[in-house]
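Thanks for coming. I will take a few minutes on one structure, which I am putting on the screen now.

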Protein chains: 2
Amino acid sequence: MATLGDLERTVMDLLWATTESTTANELRDAIAEVPAPETGRELAVTTVLTVLSRLEKKGLVERERNIRPHRYRSVTSREDHTAELMHEVLVTAPDRDAVLARFIGSVSEAEAQTLRTLLGGS
Amino acid sequence: MATLGDLERTVMDLLWATTESTTANELRDAIAEVPAPETGRELAVTTVLTVLSRLEKKGLVERERNIRPHRYRSVTSREDHTAELMHEVLVTAPDRDAVLARFIGSVSEAEAQTLRTLLGGS
DNA sequence: CACACGGTTCTACTTGATGTAGAAGTCTCG
DNA sequence: CGAGACTTCTACATCAAGTAGAACCGTGTG
């Protein structure tokens, strides 16, 4: 499975936030703004580049190598990725029906309603 | 989140497989039988003990300390744990409805049917 | 055409999680 | 009380992830 670290997640969150592709430098700046200025520190671009390469290796990010400042974008939408993760978790269990029962019990009524609609009749 | 390593998962799988509590020695033997004899190697009991302690720290396992060969058991059922994980994943996304839509699209028809039943009418 | 400069890749170190287990400490029964 | 079973401490290896300097590359300008 693709488990992400803090910085990796931050980067993915930023990439997921736009449909546009981004450059490493733009990301470095964006990260500095994130609601966790902590040490108010700014990362080195190479750090961002390393993370992007790792995310690319994990298949979460793709880049345009033909143009110079390479441009990065997420391969899947955040929703797709999250749904995929959920499914991966589900299939680890032998008794999926039992898992689903408990899962349903944990979602809000609003979400349950959404599910009813999605599942349609029959 | 509680991400498990290979050995930790093996141990949890064994604990989840029985309602009974188990001892470290029993687990060591059981692990040796697992469908991945690999090197056919047998772990040291201390190794199992270490893993159990870590799982206890993670809140996945509890033990009876009063009796001598401490007896270990899983705190939650495998189904509860899996459903919990799924929920944790779900709530990381801002747009949960969108995630649910994609998730529903990824489950089998049989599972969809199970969900319909679980969600009942209305 | 050479080079300066922005950008990318390589290499490397640090930390934390996990696998693995010996050494040492602690019960318990006989 | 002592031996043996059991547990805890300590320790090391490996791997993922954060972090970044050093080295390498490509392109536009003089």
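Start with the surface near DNA strand C: its residues divide into 5 nonpolar, 8 polar and 9 charged. Here Ala, Val, Leu, Ile, Met, Phe, Trp, Tyr, Cys and Pro count as nonpolar, Asp, Glu, Lys and Arg as charged, and the others, Gly among them, as polar.

Before going on, the ground rules. This is a predicted model, where local features need pLDDT of at least 70 and side-chain atom pairs count only at pLDDT 80 or more, while totals for chains, interfaces and linings use all residues. Residues are numbered from 1 along each chain as its sequence is written, chains are lettered from A and ligands numbered from 1 in the order in which they are written, and side-chain values use heavy atoms, with hydrogens and water left out.

Now the phosphate oxygens of DNA strand C. One lies 2.5 Å from a backbone N or O atom of His70(A), and a polar backbone atom of Asp6(B) is 2.7 Å from a phosphate oxygen. The elements giving two or more residues to this surface are α3 (45-57) of chain A, and α1 (6-17) and α3 (45-57) of chain B. α3(B) gives the most, with 4 residues. These helices are DSSP runs (H or I, at least four residues), numbered from the N terminus.

Technical notes. Polar contact = N/O pair within 3.5 Å; in protein donor to acceptor, adjacent residues only side chain to side chain.
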